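User: Could you walk me through reading aromatic pairs in a structure like this?

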2 protein chains.
Amino acid sequence: MDGTVDGTTETRRIATEYVERLERRDWPGVTELLDENVVYDMPQTRELIRGRAAFMRFNTEYPGDWHLVVRRVVADGRFAALWLDTRVGDERQDACVWLELSEDGRITRVTDYWPDPYEPPQGREHLAERY
Amino acid sequence: MDGTVDGTTETRRIATEYVERLERRDWPGVTELLDENVVYDMPQTRELIRGRAAFMRFNTEYPGDWHLVVRRVVADGRFAALWLDTRVGDERQDACVWLELSEDGRITRVTDYWPDPYEPPQGREHLAERY
């Protein structure tokens with residue numbers, strides 16, 4: 001952190017930049033936000049990708065014309081949570097992304113969740129409306 | 001907010017209490033955290049439940065011996081994001097919960113995501129390790 005703003009403000013800025021630079025395919029810009037030893041965690045598939053080089057390769061090789069828009073960013077000290085609208089072609093999906101930053105403001109861990117749509121179980125139609 | 005702490009600190013406390021009181025089945029305690037017009041949103045099933053009474057009924061009727069533990073809480077002004085470890089019997093699942101609070105510190109919107117595990121697509125085994 002540069003000392004001119006509190007950690008939360010800087011974390012919020014970095015979290016937003018992370019998504020916006022990915023969306024722009026600004027690969028050098030993304031790279032400079034990442035700690036060299038960043039860990040990318042996908043708990044749904046129990047996959048870990050270790051290190052900036054491998055994570056950048058994962059991003060640059062990722063198939064499809066994907067797009068990311070920040071719906072909400074919540075920053076708290078050196079942690080952030082991002083709620084994203086994502087799109088690949090006509091396919092929309094929401095994503096939940098958790099970031100951890102080092103003391104010098106680099107992203108050290110990214111945890112991504114990709115929740116799929118599903119049909120609601122029976123028995124709560126009396127409480128819920130569908131949209 | 002009571003004015004003795006900043007909004008973020010109070011939001012963090014309320015977000016944590018929300019989960020801990022659900023876990024304890026402290027229904028009066030959960031109720032007092034909720035705005036009367038709270039909206040509970042489940043984007044994966046496109047279900048909305050409107051109002052404290054309906055949302056409390058949803059929670060108290062929810063089947064299974066479910067348990068919730070806060071893994072992380074990220075609070076920022078009147079927004080919070082909760083990363084939960086959930087369990088029903090032996091079934092573990094992570095959850096991502098987004099909260100919005102009113103100016104007087106009541107929860108006005110809860111958005112829950114329940115991301116299911118899935119098998120990773122082929123083609124990234126050279127970058128990822130499984131756990």
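Analyst: Let's start with the cluster: W83(A), W98(A), Y113(A), W83(B), W98(B) and Y113(B) form one aromatic cluster. Bear in mind that this is a predicted model, where local features need pLDDT of at least 70, side-chain atom pairs count only at pLDDT 80 or more, and totals for chains, interfaces and linings use all residues. Residues are numbered from 1 along each chain as its sequence is written, chains are lettered from A and ligands numbered from 1 in the order in which they are written, and side-chain values use heavy atoms, with hydrogens and water left out.

User: How many aromatic pairs are there over all chains?

Analyst: In general, the distance of the centres and the angle of the planes describe a pair of aromatic rings. Rings of Phe, Tyr and Trp (its six-membered ring) pair if their centres lie within 6.5 Å; planes under 30 degrees apart are stacked, over 60 edge-to-face, the rest tilted. That rule gives 13 aromatic pairs over all chains. Take W27(A) and W66(A): the centres are 6.5 Å apart and the planes at 55°, so this pair is tilted.

User: And what kind of pair do W83(A) and Y113(B) make?

Analyst: Their centres are 6.0 Å apart with planes at 80°, so call that one edge-to-face. The pair crosses between chains, and both W83(A) and Y113(B) are buried (under 20% relative accessible area; exposed is over 50%, partly exposed in between; 1.4 Å probe, protein chains only).

Conventions. Helices (H or I, at least four residues) and strands (E, at least two) are DSSP runs, numbered from the N terminus.
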